[in-house]
Structures are given as structure tokens and as C-alpha cells.
Amino acid sequence: MNKDFLIHLGYVFYAIAKADDNLSFEEYVKLSQSLKKRWHHLTEAERELIKNQFNALQKENMSAQDSFSVFIDFLHRNPKLFTEELKKLILKTGNEIAYAFAKINKSELNFMAKLSLEFKKLPQ
């Protein structure tokens, strides 16, 4: 899979986890579990690339909104990369991350809703 695409998945998953300005260990564990369980079509190296990007953003302490914006820019520049199946997979993984720590909160729900709306804006 496209390396740039994988890096940008790290951005969106980080944005969802960081939405409430708090990154929990449980959210990172859930990301790892979800990548292994749901993204089995990726190689181990590709899944690691997503997690490495997530970790780099955490070290940088990028805001959730900035990280989300980077992903949305990429999304709209590359709509053909996002099949219906991939959009569902991204939303499913995002939900798992959001529910990982003390269930979903308003900030995470807001990002999930925005993500869903951005996916709907893409040409079919």
C-alpha cells in the first residue's frame, strides 16, 4: 500500500485518540490491536509505519485538530485511494480507538462525525 497513505492513517488515528487532549495507553493498545485484527491485508511493516507515525505525532505533541486537518487535506487530494471498504475500515478503527478509554467522549465523537462527513463529500 502507498507509504504516504499509511502515514496519513497515522494522522487520523492520532487525531481521534488525541481529540480530548489526552492520549491514553489504552488508546494506543487499541490502535495496535485493531491494526492487527482488521488491517490484516497490510504487512507487519506497513502496520508499523502507521504506529510509528502515530508515535511521532505524540512526541511532537501535535494538536488533534492540526493532525486531523493534515489527514483531510490528503483525503481530498487523493479521493481515489479511499474505497468504500477502506472508509468503513478507517471509521471502524477510529471508533475502537475512541471507545478504548472511558468510552467515547464528546470531542472524539465530534472528530468521528467530521470524518464521516468528509468521506461523504468524496465523489463516488
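## Basis of the description

The structure is a predicted model, in which local features need pLDDT of at least 70 and side-chain atom pairs count only at pLDDT 80 or more, while totals for chains, interfaces and linings use all residues. Residues are numbered from 1 along each chain as its sequence is written, and side-chain values use heavy atoms, with hydrogens and water left out.

Helices here are DSSP runs (H or I, at least four residues), numbered from the N terminus. Helix H6 covers residues 106–121, and its 16 residues should span 22 Å at 1.5 Å a residue, which agrees with the 23 Å between its end C-alpha atoms; the expected span is 1.5 Å times one less than the number of residues.

The buried residues of H6 are Glu108, Phe111, Met112, Leu115, Glu118 and Phe119, where buried means under 20% relative accessible area, exposed means over 50%, and partly exposed lies in between (1.4 Å probe, protein chains only). Seen down the axis of H6, these buried residues fall within an arc of 125°, so they line one face of the helix; the arc is that of the directions from the helix axis to the C-beta atoms. An α-helix has 3.6 residues a turn, so residues three or four places apart point the same way. On the face of H6 turned away from the buried side are the exposed residues Lys106, Leu117, Lys120 and Lys121. The cover over the buried residues of H6 includes helix H1 (3–18), helix H2 (25–38), helix H4 (64–77) and helix H5 (84–99), with contact meaning heavy atoms within 4.5 Å.

In H4, 14 residues should span 20 Å at 1.5 Å a residue, and the end C-alpha atoms are 20 Å apart, which agrees. Ala64, Ser67, Phe68, Phe71, Ile72, Phe74 and Leu75 are the buried residues of H4, and they cover an arc of only 160° around the axis, which puts them on the same side of the helix. These buried residues pack against H1, helix H3 (44–60) and H6.

Two packed helices are described by the angle between their axes and the distance between the axes. For H1 and H4, the axes come within 8 Å and cross at roughly 145°; axes are lines fitted to C-alpha atoms, for helices over the stretch in contact, and angles run from 0 to 180 degrees between N-to-C directions. This crossing is left-handed, a term used if the near helix is turned anticlockwise from the far one by less than a right angle, whereas clockwise gives a right-handed crossing. On the H1 side the contact is made by Asp4, Phe5, His8, Tyr11, Val12, Tyr14, Ala15 and Lys18, and on the H4 side by Ala64, Ser67, Phe68, Val70, Phe71 and Phe74. By class, the contact has 10 nonpolar, two polar and two charged residues; Ala, Val, Leu, Ile, Met, Phe, Trp, Tyr, Cys and Pro count as nonpolar, Asp, Glu, Lys and Arg as charged, and the others, Gly among them, as polar.

H5 has 16 residues and reaches 23 Å from its first C-alpha to its last, close to the 22 Å expected at 1.5 Å a residue. Its buried residues are Leu86, Lys87, Leu89, Ile90, Thr93, Gly94, Glu96, Ile97 and Ala98, and what covers them includes H1, H2 and H6.

H1 and H5 pack at an angle of about 35°, with their axes 9 Å apart, and the crossing is right-handed. In this contact Phe5, Leu9, Val12, Phe13, Ile16 and Ala17 of H1 meet Leu86, Ile90, Thr93, Gly94, Ile97 and Ala98 of H5, a set that divides into 10 nonpolar, two polar and no charged residues.

## Two buried residues

Threonine 93 lies in H5 and is buried, with a relative accessible area of 0%.

Leaving aside neighbours within four places in sequence, leucine 9 is in contact with Trp39, Ile50 and Ile90.

## Two loop residues with positive phi

Most residues other than glycine have a negative phi. Aspartate 21, in the loop between H1 and H2, has a positive phi near 65° and is exposed, with a relative accessible area of 63%. Asparagine 61, in the loop between H3 and H4, has a positive phi near 55° and counts as exposed at 52% relative accessibility.
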